[in-house]
Amino acid sequence: MSKIVLLFSGQGAQKVGMGKDWVESSSTARKLAVQADQALGFSISDVMFDGPDDELTKTSRCQPALYLHGLMALALIRERLPNFEPVAAAGLSLGEFTAHAAAGSFSFEDGLRLVARRGEFMEEACQATEGSMAALIGGDESQVRALAEAAGVDVANLNAPGQIVLSGTVAGIDAAIAQAKDFGIRRAIKLNVAGAYHSRLMQSAQDKLAAELAGVSIQSPALPVVCNFGASVVTEPTEIRRMLEKQVTGSVRWTESIQALVAMGHKTFLELGPGKVVAGLVSKIDKEAVVHSVEDLASLEAAVEALS
């Protein structure tokens, strides 16, 4: 079996019905769903399976839903491939928490409660601020940073070459969209989001999350985890806390994170989460990378066959 890196999805990948076929067919998945519902005090699995869509889309719901879905996928892979030993892990924004749970930095339940609280804090910050985001297509990082500075907004996601997301006030994002072509950027698209994620407008959420992180037991992960904020491997519990905290207002440096994994000699990735968003980004970052995506029973079986 080749060296496999685990990659976990971020907010926006969720879709109604996610994980339902796993729970219907597997006692392992069923146990995780029950455990999650009990830990959270409400049925996140019902929201995942039956929606409605506007409920699952809420930041406070989709974050624990994606975390649970990613770890269900991993449990089912391990069940089918007993000798499966991934060599590293990373996750897009929220997915970084799932990566740490997969690597043993914290327990399944501690991580679940953390992401549920993170989702609540970010939702509160969205409601308290007038925020928006825009995807910029076809500009390099220096052009985008110059535009962000001119418009008074932040660089939220460096997702792939030529695909960068800005985040900030509605007025700032509107200004950035209006000026994008002047900075050599081909297209600027306003995103349909609840607020300004990964920007200074999330400071209240970051402060509250820092307090939650301080109370969670964290140990050094059993495999290298690449963090979004530093685009580097984190091993020390203190540093893990700091990176997970900083990530709320800081940039998700996904391009550099994948490049760091490739530089470590890794070319084969396993995306655990709905929608193949991560696979699309990885293929733009490194044309030679191979990504197996797992989102349902059919793709799970296909990935198991490919990795066997």
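## The sheet and its pocket

In this predicted model, strands β4 and β5 pair with each other in the antiparallel sense, and five bridges join them. Within this part of the structure, D154 stands opposite S167, a residue of β5. The pair belongs to an open sheet of four strands, which follow one another in the order β4-β5-β3-β6 with antiparallel pairing. Because β4 and β6 (187-190) stand at the edges and each has a single partner strand, one side of each is left without a neighbour in the sheet. On average, and with direction ignored, neighbouring strands of this sheet are turned by 25° against each other.

| Helix | Strands met | Angle |

The largest pocket holds about 860 Å³ of space. It is lined by 34 residues, of which Q11, G12, M133, V193 and Y197 are the closest to its centre. The elements that each give two or more residues to this lining are α5 (59-80), α7 (108-128), β3 (131-137), β4 (154-160), β5 (163-169) and α13 (277-285). Helix α7 gives the most, with five residues. When the lining of the largest pocket is sorted by class, 16 residues are nonpolar, 15 are polar and three are charged.

Notes. Residues are numbered from 1 along each chain as its sequence is written. This is a predicted model: local features need pLDDT of at least 70, side-chain atom pairs count only at pLDDT 80 or more; totals for chains, interfaces and linings use all residues. Side-chain values use heavy atoms; hydrogens and water are left out. On a 1 Å grid over the protein atoms alone, a cavity is a set of points where a 1.4 Å probe fits but cannot get out, and a pocket is an open set with protein on both sides within 12 Å along at least five of seven lines; lining residues have an atom within 4 Å of a point. Grid points are joined across faces, edges and corners, and a volume is the space filled by probe spheres set on the points. Ala, Val, Leu, Ile, Met, Phe, Trp, Tyr, Cys and Pro count as nonpolar, Asp, Glu, Lys and Arg as charged, and the others, Gly among them, as polar. Two strands pair if DSSP finds at least two bridges between them. Axes are lines fitted to C-alpha atoms, for helices over the stretch in contact, and angles run from 0 to 180 degrees between N-to-C directions.
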